[in-house]
Amino acid sequence: MLESLKKEVFDANLELPKRGLIKYTWGNVSAFDEETGYFAIKPSGVDYESMTPDDIVICDLDGRVVEGDLNPSSDMPTHAVLYQSFKGLGSIVHTHSPWATIWAQAGKDVDALGTTHADTFYGTIPCARYLSEEEVNTEYEKETGNVIVETFHERGIDPVSVPGVLLHGHAPFTWGSDAKKAVMNAVVLEEVCKMNYYTQALNPNAHVLPDFILDKHFERKHGENAYYGQKNR
Ligand SMILES: [Zn+2]
């Protein structure tokens, strides 16, 4: 079932170490199929050298395995909550990429200081709160998804325009319309965290980008008036 979706997820998972985002198997990618309402996700703890597209597990939005011999990634319930709550996501990526994880451990939002950020994220990338002891001890991975959703709702952030989040003391999640874009957003987030660190070291009073520059850069790549790149390619 969903062979091309499995291949997309397989390829995207291999992309994580290639792009320098993860070591060992510290990451996972999933992709969602609108028609069936199922998503494909990396199996838990399988070495990338021995993984095949057939090892990719198919799950439903209640977090049940629909197809596959292996256990899905232990973060699978987080992915399920995000697909359920944020409409329009085609793929989700979780990594422990070092710069984004450094910001997550510091518990800091990532402000839009430049156009590298604004091309992909329309404003501040939020850092979600720690989970409570009760949340950790009940359904940890599901509650992780709930805390991400709570953060976007409470702060009035549109998850399609800001396709990523940091989890305090943990690491980032990013998403996108397909697996390639979700991985690309993870790469952009990693670069932006690194750039912000040095920018603020050089100038602790560095300004958040003025709205008119933020708007210009985001809108030329996204939405109905986008003009970046080539048409029909
Ligand atoms: Zn993690």
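Where is the place of His-207? His-207 sits in the loop between α7 (179-202) and α8 (211-221), where helices (H or I, at least four residues) and strands (E, at least two) are DSSP runs numbered from the N terminus. This is a predicted model, in which local features need pLDDT of at least 70 and side-chain atom pairs count only at pLDDT 80 or more, while totals for chains, interfaces and linings use all residues. Residues are numbered from 1 along each chain as its sequence is written, and side-chain values use heavy atoms, with hydrogens and water left out.

- His-207 and Asp-60 are 147 residues apart in sequence and, from C-alpha to C-alpha, 43 Å apart in space.

**The zinc site**

- The zinc ion has as its protein donors His-94 (NE2), His-96 (NE2) and His-170 (NE2), which lie 2.1 Å from it; donors are N, O and S atoms within 2.8 Å of the metal (3.2 Å for Na, K and Ca), and water is not among the atoms, so sites may look incomplete.
- Along the chain, the donors of the zinc ion follow the spacing H-x1-H-x73-H.
- His-96 lies in the loop between β5 (91-95) and α3 (98-106), and His-170 lies in the loop between β7 (164-167) and β8 (172-176), so the pair ties together parts that are 74 residues apart in sequence.
- His-96 is partly exposed, with a relative accessible area of 32%, whereas His-170 is buried, with a relative accessible area of 19%.

**The sheet and strand β8**

- Eight strands form an open sheet with mixed pairing, in the order β4-β3-β2-β1-β5-β8-β7-β6, and two strands pair if DSSP finds at least two bridges between them.
- The edge strands of this sheet are β4 (65-67) and β6 (127-128), each of which pairs on one side only.
- β5 and β8 run antiparallel and are joined by four bridges, with Ser-91 standing opposite Gly-176 in β8.
- β7 and β8 also pair in the antiparallel sense, over three bridges, and they form a hairpin with four residues between them, where Gly-169 in the turn has a positive phi of about 75 degrees.
- Five of the five residues of β8 are buried, so this strand is largely enclosed by the rest of the structure.
- In a regular strand the side chains alternate between the two faces of the sheet.
- In β8, Pro-172, Thr-174 and Gly-176 point one way, while Phe-173 and Trp-175 point the other way.

**Helices α2 and α6**

- Helix α2 (residues 76-85) and helix α6 (residues 140-154) pack at an angle of about 35 degrees with their axes 7 Å apart; axes are lines fitted to C-alpha atoms, for helices over the stretch in contact, and angles run from 0 to 180 degrees between N-to-C directions.
- The contact (heavy atoms within 4.5 Å) involves residues of α2 including Pro-77, Val-81 and Leu-82, and residues of α6 including Glu-141, Ile-148 and Val-149.
- Seven of the ten residues of α2 are buried, so this helix is largely enclosed by the rest of the structure.
- The elements that cover the buried residues of α2 include β1 (27-33), β2 (38-41), β3 (57-60), β5, α6 and β8.
- α6 also lies across β6, β7 and β8, running at about 120 degrees to β7.

Terms used
Buried < 20%, exposed > 50% of the residue type's maximum accessible area, 1.4 Å probe, protein only.
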